[in-house]
Amino acid sequence: MIFAINEINNNPDMLSDIKLGYKIYDSCGSMNILRAALALVSGLKEEVGDGNCTKTETVQAILGHSGSHPTIAFTQVVARFQIPVISHFATCACLSNRREYPTFFRTIPSDYYQSRALAKLVKHFGWTWVGAVAVDNEYGLNGIATFIQAAQEYGVCIEYSVAFSSTDPPHVLQRIIEGIEQSTAKVIMAFMTHREIKLLASELYKHNITGLQWIGSDAWITDPSVTDSEGHSILVGSLGFTVAKATIPGLEEYLRQLHPSQFPDSQFVRDFWEVVFNCSLNETLNSQPCSGFESLQNVNSQFTDVSELRFTNNVYKSVYAVAHALDNLIKCDYGRGLLSNESCSDLKHIQPWEVLQHLGAVNFTTVNGEHIFFDNNGDSPARYELVNLQITNRGTMEGQTIGIYDASLPDDLQFITNNIPLVWCNGMTEVPMSACSKRCLPGTHKILQKGKPVCCYDCISCPAGEISNVTDSIQCVTCPLEYWSNKQRDACIPKPIEFLAYDEILGTLIVLFSLLGIILTMITTLVFYCHKETPLVRANNSELSFLLLFSLTLCFLCSLTFIGRPSEWSCMLRHTAFGITFVLCISCVLGKTLVVLMAFRATLPGSNVMKWFGPAQQRLSVLALSLIQVLICILWLTISPPFPFLNYLLYKDRIILQCALGSAVGFCAVLGYIGFLAILCFVLAFLGRKLPDNFNEAKFITFSMLIFCTVWITFIPAYVSSPGKFTDAVETFAILASSYGLIICIFLPKCYIILFRPEHNTKKCMMRQTPKTDVHY
């Protein structure tokens, strides 16, 4: 301060014909500081009362104090006299309240910005579970409250928040130590002064509590006295914000010229001189007296070290702020002044309130290029350096600058770090972790634990069909309709399209049974063809038998159309081919049944019925019955044909590609017509069941139609209730079962007689107990 005042007094461009003076009060304790402030107000050293507070010797501005608590105490008193107070270190955000502290200014940023910067620092390193310890006064409580509020906005949870003072009983600190030891947070925000952090670090060191990452406020993070405390090693790796370093040209030379003769009444200078040079300025003491020729020019000490000018620079700026306010007041142009009616001050009677108004309007740049001004709350711009406490080569703990924070910049540009490697607690090389719960990996989402903060949660796997592809996802996202979640639940993949395929077991079995049926039909046809002149083949109407065998072959082949990827043509083919081939098959069976019945009806006297049911009529009836089904299918395909469609609703994890019926009425008409012919055939065959045993084909037709009707009656509920591709499998099973029923019941007995009982395949045996009528069966 003295250096800055001397520099200003020697500057011809500032305060011409005016010299600045000063009074210094070196007092500790709130009451002593308050007495000093009142003495400055009154212009007297001794304690003053209300009667002499209006003397003209009242100071124009007060610089100090460094602590927020004493500053709060005396600023409210000084404000009554409208004397500006400029602090270089009082950071409590409460001092920004202009109603309570209308004359307060500071050249250090408010803790409001520091607390928010510290919260952003915690977020930057991914710490979500933090402990908070503060000094039990306005500085600590206000600072930690702002930090907690900002941290919670960033999603950081506070496990505990405690406060203590260096004057508290020992059990208070002991209880805090026990809480820290039992906590799970590995990061601690310490908003306190150097006195409290030294006490806390010492006790933690005694209890061997290590591995904690400290976040410090500017009151202790660069304080050199912390290095001298017991247990300071646990603070290595601490992070915190502090005011930026600066250089003050000429200060080092000025300090090295210090001599006790310049300050004969200063106890500080006397004690400092005696310690540095190991001599005594008091001749009454027994130690070696000082010669008077001692010099600081070649002495390296903390006093002459100007490499860490942080808060010292704030004092320098405070002096210059007052000087610029006075300079602007003196250089006021009438009509442009800051006073009422834009007038200027009486230079012979400058009042503190006039300095106060000009101090709020100062705007200048220091020799270091730093822009100085005050906002409406008396605060200066918030600019910090981020420091990391590291052990130097000298064995001392110093703050290494690793980044900057500027609150005046946009939010995403406020915090900038450099590439200097950081030192963490316990010598760790990676960022320590501090979280209530482990991070939820992609594929999981967070479920809050009941009764705990939002940072405490369980990681639950996403349900099927939902994914989370980011870490710490709050909720899972449902996949689009065409997609499904993978096994890891971290990506949506296209749903598999499912249909009855040849390469699956069910499709392979259907193909095998279809081919087996075709082979069996071809063997039967070959047997009948090779024995077509035998009585048994001739008696069973060989023409209809071969046509029936041909239609059965088509029925077996028809089942293959239900396998494979459905297309527009295959969907139309499978249902129409099935309908037409089965009508052809049933028409042949119906014709054979009518032939049997009419043949025995012709034995009645005078009956001429067989001339109306000869070979031509049989072929015509089969053709007519089949054409009706063809007509039904043509109408179905014309009005609303079957078509392939993707069924998303049947299964959640896959898509069913199946054939839609198009028109349910058309499908029911096809099945209904087949059912009508089958029932008619069954009834007629049932009526002929008591015909002679040697020639009772009606009995076998009855059994075949019974199997056929049973299969298709059970098919209806099975078809309706079967999901997806199994509807095609059910329909294919019904086709194969009914086809096998027909070929086994109608043709297997005859093949057995032809191949293994040829002695029964004679005209004599066939005519036994049969009507003696010459008809073409």
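This is a predicted model: local features need pLDDT of at least 70, side-chain atom pairs count only at pLDDT 80 or more; totals for chains, interfaces and linings use all residues.

Biologist: Which residues are linked in a network of salt bridges?
Modeller: The network of salt bridges links Lys245, Glu308, Arg310 and Glu385.

Biologist: What about aspartate 327, which side chain does it meet in a salt bridge?
Modeller: The side chain of aspartate 327 meets that of lysine 331, with N to O at 3.0 Å.

Biologist: And aspartate 327, is it buried or exposed?
Modeller: Aspartate 327 counts as buried because its relative accessible area is 7%, and buried means under 20%.

Biologist: Now glutamate 370, which side chain does it meet in a salt bridge?
Modeller: Glutamate 370 pairs with arginine 383 in a salt bridge of 3.6 Å, N to O. That pair links distant parts of the chain, 13 residues apart, with glutamate 370 in the loop between strand 9 (363-365) and strand 10 (371-373) and arginine 383 in strand 11 (residues 383-391). Arginine 383 is partly exposed, its relative accessible area being 30%.

Biologist: Which residue forms a salt bridge with aspartate 653?
Modeller: Aspartate 653 forms one with arginine 654, and the closest N and O atoms of the two are 3.2 Å apart. Aspartate 653 itself is partly exposed, at a relative accessible area of 33%.

Biologist: Switching to the backbone, which residues does a cis peptide bond join?
Modeller: A cis peptide bond joins glycine 64 and histidine 65, where omega is about 0°. Histidine 65 sits in the loop between strand 1 (62-63) and helix 3 (68-78). As background, most peptide bonds are trans, and most residues other than glycine have a negative phi.

Biologist: On phi, then, what is the value for glutamine 82?
Modeller: Glutamine 82 has a phi near 55°, which is a positive value in a residue other than glycine. The residue is placed in the loop between helix 3 and strand 2 (85-87), and glutamine 82 counts as partly exposed at 39% relative accessibility.

Biologist: And asparagine 278, where is its place?
Modeller: Asparagine 278 is in the loop between helix 9 (267-277) and helix 10 (311-330). Its phi is near 50°, again a positive value in a residue other than glycine. Asparagine 278 counts as exposed because its relative accessible area is 65%, and the exposed class is over 50%.

Biologist: Let's zoom out: how many helices and strands does the chain have?
Modeller: The secondary structure of the chain comes to 20 helices and 22 strands.

Biologist: What radius of gyration does the chain have, against that of a compact globule?
Modeller: The chain has a radius of gyration of 53 Å, whereas a compact globule of 777 residues would have one near 28 Å. Along its principal axes, the C-alpha trace spans about 170 × 65 × 40 Å.

Biologist: What share of the residues count as buried?
Modeller: Of the 777 residues, 49% count as buried. The chain exposes about 38,900 Å², and carbon and sulfur atoms supply 59% of that area.

Biologist: Last one, how many positive and negative side chains does the chain have?
Modeller: There are 55 positive and 64 negative side chains, and the centres of the two sets lie 24 Å apart.

How values were computed
Residues are numbered from 1 along each chain as its sequence is written. Side-chain values use heavy atoms; hydrogens and water are left out. Helices (H or I, at least four residues) and strands (E, at least two) are DSSP runs, numbered from the N terminus. The radius of gyration is taken over C-alpha atoms; the globule rule is 2.2 Å times the number of residues to the power 0.38. Buried means under 20% relative accessible area, exposed over 50%, partly exposed in between (1.4 Å probe, protein chains only). Accessible areas come from the Shrake-Rupley method with a 1.4 Å probe; for residues, only the protein chains shown count as cover. Lys and Arg count as positive and Asp and Glu as negative; His and the chain ends are not counted. The place of a charge is taken as NZ of Lys, CZ of Arg, CG of Asp or CD of Glu. A salt bridge is a side-chain nitrogen of Lys or Arg within 4 Å of a carboxyl oxygen of Asp or Glu.
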